Amino acid sequence: MSKEVIVIKLGTAVISKADGTIDTAIIKKVAGEIAALSKRYNIVLVSSGAVGSGKKYLKAYKGSLLERKAAAAVGNPILIQLYHKYFQQHSINVAQALCERVHFSNRVQFLQLKQTFATFWENNIIPIVNENDLVSNVEIKFSDNDELATLIAIGFDASHLILCTSTGGVLDDQKKIIPLVEKVDGSVMKFITKDKSGPGLGGMLSKLTFTRLASSLGIEVTIGGLKGKQPLQDALARKNGTSFLAKKSNLRARQKWLASGSITLGKITVDKGAAKALLNRKSLLTIGIAKVEGKFLEGEVIQLMEEDNTILGVAKAKLDAASMEAHRASKNVIAAHADDIVLFND
Ligand SMILES: Nc1ncnc2c1ncn2[C@@H]1O[C@H](COP(=O)(O)OP(=O)(O)O)[C@@H](O)[C@H]1O
Ligand SMILES: N[C@@H](CCC(=O)OP(=O)(O)O)C(=O)O
């Protein structure tokens, strides 16, 4: 039987010192722990920190998109060299895996990515993933590496996703870490503000959005820190930060991949009748659409929302956004085929 997959994501702040440079003591510790864990699990390490490592090489860096791209392209090899150095001490090699959105939205490309990762693991190589910032423009960007790590965890059917951040977990209004969350709902969301750590991109809100998706697809998620002797093993044992229980999921690999596309720019709200039809495994007709939001093309994955703004599931669109809107009054036009719809409550 092949090993379980674990995805570990390190945010910029958690691997940086106060002066913004990478904390090599942290990289050393993480490398040691992952080396030990890699005997039991297939591990993907998603590491931010490329921009942080490279920005000092740009004159008068102010953080524009163009400067971030350039800084990341300079910084990622520096970051990878550090990982190389400390993983080598455990006789493990690392690979640089720079990903773009298309590697996930296109199933053929995604399957190729999967095969390459399988080859890494067979050869005792740990893939270190980051977004290919050099060519990532706003429209095609992942919102941040929490999204990228989540897509990988879903696509690779990981058992556990560990998001390491500087706060060490989700804090309540007394600034105490909430140890266990059974379901991502209002009881935890009420503690989440739009604040971010200085260098971070997504903030806690984005982590919770992706946690909700991952846990609804059967992946246990930890939002934790890197304190203590063995923080990653502690995360697996629910002794680090906040653990989010996984919902039981019967979705097959292709359906999970489809569901991971829910992190898209497109979304449609369906009326009550259409929601009922979907629950009865029917295709979605344009007449049941109450609202079309965002830009999406035919074949792209979109979110399906109920009228109370809760997510019902995802679907591969049979029409682009404009045609979907234009056909809202038409009776027999299919917006999404039943085979291409995944409902989260299944
Ligand atoms: N309830 C909360 N608990 C912990 N952090 C929170 C909460 N609400 C908002 N935050 C913010 O989320 C930030 C962590 O996310 P982020 O800056 O994206 O870190 P990273 O670089 O690790 O991805 C914290 O620094 C904090 O400002
Ligand atoms: N790709 C960017 C990181 C983007 C990002 O998501 O940062 P963070 O919110 O710190 O995880 C980099 O390596 O600097």
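A search of the whole structure, which is a predicted model, turns up five salt bridges. One of them pairs Lys207 with Asp146, and here the closest N and O atoms sit 3.0 Å apart.

Another of the bridges brings the side chains of Arg238 and Glu220 together, at 2.9 Å from N to O. Again the link runs between distant parts of the chain, since Arg238 lies in the loop between helix 9 (231-236) and strand 8 (242-244) while Glu220 lies in strand 7, and the two are 18 residues apart. The two ends of this bridge can be set side by side in terms of accessibility. Arg238 has 45% relative accessibility and therefore counts as partly exposed, whereas Glu220 has a relative accessible area of 12% and so counts as buried.

Then there is the bridge between Glu325 and Arg328, with the closest N and O atoms 3.0 Å apart. Glu325 is partly exposed, because its relative accessibility comes to 38%. Arg328 is also partly exposed, with a value of 31%. Elsewhere, salt bridges with shared partners join Lys9, Asp146 and Lys207 into one network. As a general point, side chains of opposite charge can pair when their charged atoms come close.

Leaving aside residues up to four places away in sequence, Glu220 touches Ser159, His160, Leu161, Arg238, Ser243, Phe244 and Ala246.

Next, helix 1. This helix spans residues 24-37, so 14 residues in all, and reaches 20 Å from its first C-alpha to its last, close to the 20 Å expected at 1.5 Å a residue. At its start, a side-chain oxygen of Asp23 comes to within 3.1 Å of the backbone nitrogen of Ala25. The buried residues of the helix are Ile26, Ile27, Val30, Ala31, Glu33, Ile34, Ala35 and Leu37. What do the buried residues of helix 1 pack against? Their partners are strand 1 (4-10), strand 2 (41-47), strand 4 (125-131), helix 3 and helix 9.

As for the cysteines, the structure holds zero disulfides. Cys99 is in no disulfide, and the nearest cysteine sulfur to it, that of Cys164, is 19 Å away. Cys99 is buried, given a relative accessible area of 1%. Cys164 likewise counts as buried, at 1% relative accessibility.

Backbone angles also give a couple of positions to check. Ser91 has a phi near 60 degrees, which is a positive value in a residue other than glycine. Ser91 is found in the loop between helix 3 (65-88) and strand 3 (93-99). With 58% relative accessibility, Ser91 counts as exposed, because the cut-off for that class is over 50%. Arg281 is another non-glycine residue with positive phi, in this case near 70 degrees. Its location is the loop between helix 11 (272-279) and strand 10 (284-285). Arg281 counts as partly exposed, at 48% relative accessibility.

Finally, the annotation. An unreviewed UniProt entry lists residues 266-338 as "domain: PUA". Over those residues, the chain in this model is 19% helix and 34% strand, and the end C-alpha atoms are 18 Å apart.

Terms used: Residues numbered from 1 in each chain as written. Chains lettered and ligands numbered in written order. Predicted model: local features only at pLDDT ≥ 70, side-chain atom pairs only at ≥ 80, totals over all residues. Heavy atoms only, no water. UniProt positions renumbered as here; feature names shortened; annotations may be inferred. Helix = DSSP H or I, 4+ residues; strand = E, 2+ residues; numbered from the N terminus. Contact = heavy atoms within 4.5 Å. Disulfide = S-S within 2.5 Å. Buried < 20%, exposed > 50% of the residue type's maximum accessible area, 1.4 Å probe, protein only. Salt bridge = Lys/Arg side-chain N within 4 Å of Asp/Glu carboxyl O. Expected span 1.5 Å × (residues − 1). Polar contact = N/O pair within 3.5 Å; in protein donor to acceptor, adjacent residues only side chain to side chain.
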